[in-house]
Amino acid sequence: MNRFKKKTVVVTGGNKGIGFAIAERFSAEGANLVIASVENQVVEAAAKLQDIGGSAIGIVCDVSDKDSVAALYNQAENEFGSIDISVQNAGIITIAKVENLTEAEWDDTMRVNTKGVFLCCQEAIRRMRSSGNGGRLINIASGQARDGFIYTPHYAASKFGVMGLTQSLAKEVALDGITVNAICPGIIKTDMWDYNDRVWGKMLGDYGPGELMADWVQNIPMKHAGEGKDVAGLAAFLASKDADYITGQTINIDGGLIMS
Ligand code: NDP
């Protein structure tokens, strides 16, 4: 399939994990990719996308900083001429008992996971509206936007926030031909889940490396964790013509872990 030929796709947190898998998928389908993350490695990650055959640039950006986000979208537009699809994927997590959770952890999590999604949507919408060509916004939330897990109230709140802003923006931009949807991944094998496995594992029992994931996977009807490419397939669907009539939705992709 070559559904996104000549389309410009921005993916935040696109240097690794779920974000890189999403970028790879759009690249393989002909899109011009702009990937963004905090570390310089994003430039090397963009080079890997070019090896797949697509045009790609990597830009260092902090999604929680308004000027940095504006610069990201300006650079994307200067390079490729338009913004057609924007995937707000960058996110962070920490895990702590409520008494130990610091104000800084709360603020950082909300700043990156919720404000960061908003700032990127805002910049993308501004450009999509003025182009008159519509567009697609895809926000990566979490199963924790449906069901808050233990020791992560700040993360759960930040992801519930993503669902709310997705719905509100979807209503505002529907007549501009822009759709806004959110994805809730379940347990996906990435660096973030390695951290979860280690830290939650210690807090919830005497779990060794990989044991917490193995335990939680037993609660998944499909009995296995997901991969970045699973999430990428859904993101590509939501960005495709087949999803023209879908907006304001939050869709789980978790092997059946959460069914609401
Ligand atoms: P990773 O930790 O592997 O990757 C996180 C990405 O976000 C990195 O590219 C990182 O950049 C980037 N990032 C973090 N902070 C910022 C910032 N301030 N500005 C720009 N980029 C930033 O995570 P995953 O791939 O696992 O997660 C991707 C998304 O999916 C997140 O939103 C996460 O909450 C969500 N999710 C993940 C699940 C899972 O099981 N893995 C489950 C549910 C949701 P850098 O490397 O430069 O720091």
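Two residues are in contact here when they have heavy atoms within 4.5 Å. Keep that in mind for this predicted model, where local features need pLDDT of at least 70, side-chain atom pairs count only at pLDDT 80 or more, and totals for chains, interfaces and linings use all residues. Residues are numbered from 1 along each chain as its sequence is written, and side-chain values use heavy atoms, with hydrogens and water left out. The protein has eight helices and seven strands; these are DSSP runs numbered from the N terminus, with helices being H or I of at least four residues and strands being E of at least two.

**The whole protein**

- The radius of gyration is 18 Å, close to the 18 Å that the globule rule gives for 260 residues, so the protein is as compact as a globular protein of that length. That radius is taken over C-alpha atoms, and the rule is 2.2 Å times the number of residues to the power 0.38.
- Along the principal axes, the C-alpha atoms fill a box of roughly 55 × 35 × 35 Å.
- Of the 260 residues, 52% count as buried. Buried means under 20% relative accessible area, exposed means over 50%, and partly exposed is in between (1.4 Å probe, protein chains only).
- Take the contacts between residues at least 6 apart in sequence: 70% of them join residues at least 24 apart.

**Surface and charge**

**Two buried residues to look up**

- Histidine 154 sits in helix H5 (residues 153-173) and counts as buried, at 0% relative accessibility.
- The side chains of histidine 154 and threonine 94 are joined by a polar contact of 2.6 Å. Such a contact is a pair of N or O atoms within 3.5 Å; within protein, one must be able to donate a hydrogen and the other to accept it, and residues adjacent in sequence count only if both atoms are side-chain atoms.
- Beyond its neighbours within four places in sequence, histidine 154 also touches others, including Leu101, Trp106 and Met110.
- Valine 34 belongs to strand S2 (residues 32-37) and is buried, with a relative accessible area of 0%.
- Valine 34 and isoleucine 59 are 25 residues apart in sequence, yet their C-alpha atoms are 7.2 Å apart. Leaving aside neighbours within four places, the contacts of valine 34 include Val10, Ile59, Leu72 and Phe80.

**Loops with a positive phi**

- Tyrosine 151 has a phi near 65 degrees, a positive value in a residue other than glycine. It lies in the loop between strand S5 (135-140) and H5, and at 18% relative accessibility it counts as buried.
- Lysine 223 isn't a glycine either, but its phi is positive at about 60 degrees. Its loop runs between helix H7 (211-217) and helix H8 (228-239), and at 45% relative accessibility lysine 223 counts as partly exposed.

**A spot on strand S7**

- Isoleucine 251 is in strand S7 (residues 250-253) and counts as partly exposed, at 25% relative accessibility.
- Isoleucine 251 and proline 185 are 66 residues apart along the chain, with 8.4 Å between their C-alpha atoms.
- Leaving aside neighbours within four places in sequence, isoleucine 251 is in contact with Arg146, Ala182, Ile183, Cys184, Leu234 and Leu238.
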